[in-house]
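Please examine the sequence and the structure shown below. The paragraphs that follow lead through the charged contacts, the sheet with its helices, and a part of the surface.

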Amino acid sequence: MQGRILVVEDERDMLLLHERLITEETDHKVVTTADPREALEAVKTCGFELVITDLKIPKMDGIRLLEKIKSLDPTV
């Protein structure tokens, strides 16, 4: 079953690594961003089954980002 995964990471190399590993090893669709505000907009418009985030990202703590995502979509 193909799902949608959102990866939020401010380090470009890590972002690309996550994307490559997921797409090479699974059938899931991966969306990536370094901006937590962009991530929130993506959750509002696209819907995801899973979010993977760095804990220390500029503009918003990763835990706070996950809390906001859960308030937008409790099924994530």
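With which residue does Arg37 form a salt bridge? In this predicted model, the partner is Asp35, and the closest N and O atoms of the two residues are 3.8 Å apart. Arg37 is partly exposed, its relative accessible area being 47%.

Asp35 also forms a salt bridge with Lys59, where the closest N and O atoms are 3.7 Å apart. This second pair links distant parts of the chain, since Asp35 lies in the loop between E2 and H2, whereas Lys59 lies in the loop between E3 and H3, 24 residues apart. Lys59 is exposed, with a relative accessible area of 59%.

Because Lys44 and Glu41 are three residues apart in helix H2, about one helical turn separates them. Lys44 counts as exposed at 52% relative accessibility, while Glu41 is partly exposed, with a relative accessible area of 42%. Salt bridges with shared partners join Asp35, Arg37 and Lys59 into one network. The count for the structure comes to five salt bridges. In general, side chains of opposite charge can pair when their charged atoms come close.

The loops and helix just described may now be placed around the sheet. Three strands form an open sheet, in the order E2-E1-E3 and with parallel pairing. Its edge strands are E2 (29-33) and E3 (50-53), each of which pairs on one side only. On average, neighbouring strands of the sheet are turned by 20 degrees against each other, direction ignored. Strand E1 (residues 4-8) runs parallel to E2 and is joined to E2 by five bridges. Within this pairing, Leu6 stands opposite Val31 in E2.

Helix H2 (residues 36-45), which holds Lys44 and Glu41, packs on the sheet and touches E1 and E2. The direction of H2 makes about 165 degrees with that of E1. Helix H3 (residues 62-72) lies across E1 and E3, and runs at about 165 degrees to E3.

The surface also has a nonpolar part. Which residues make the nonpolar surface patch of about 220 Å²? Met14, Leu17 and Leu21 make this patch. Leu21 lies in helix H1 (residues 12-25). The side chain can belong to such a patch because patch residues have over 30% relative accessible area, and Leu21, with a relative accessible area of 41%, is partly exposed.

Conventions: Residues numbered from 1 in each chain as written. Predicted model: local features only at pLDDT ≥ 70, side-chain atom pairs only at ≥ 80, totals over all residues. Heavy atoms only, no water. Patch = residues over 30% accessible without salt bridge, like charges linked within 9 Å, V, L, I, M, F, W, Y side chains within 5 Å. Areas by Shrake-Rupley, 256 points an atom, 1.4 Å probe, with all protein chains shown as cover. Salt bridge = Lys/Arg side-chain N within 4 Å of Asp/Glu carboxyl O. Helix = DSSP H or I, 4+ residues; strand = E, 2+ residues; numbered from the N terminus. Buried < 20%, exposed > 50% of the residue type's maximum accessible area, 1.4 Å probe, protein only. Pairing = 2+ DSSP bridges. Axes fitted to C-alpha atoms, helices over the stretch in contact; angles between N-to-C directions. Contact = heavy atoms within 4.5 Å.
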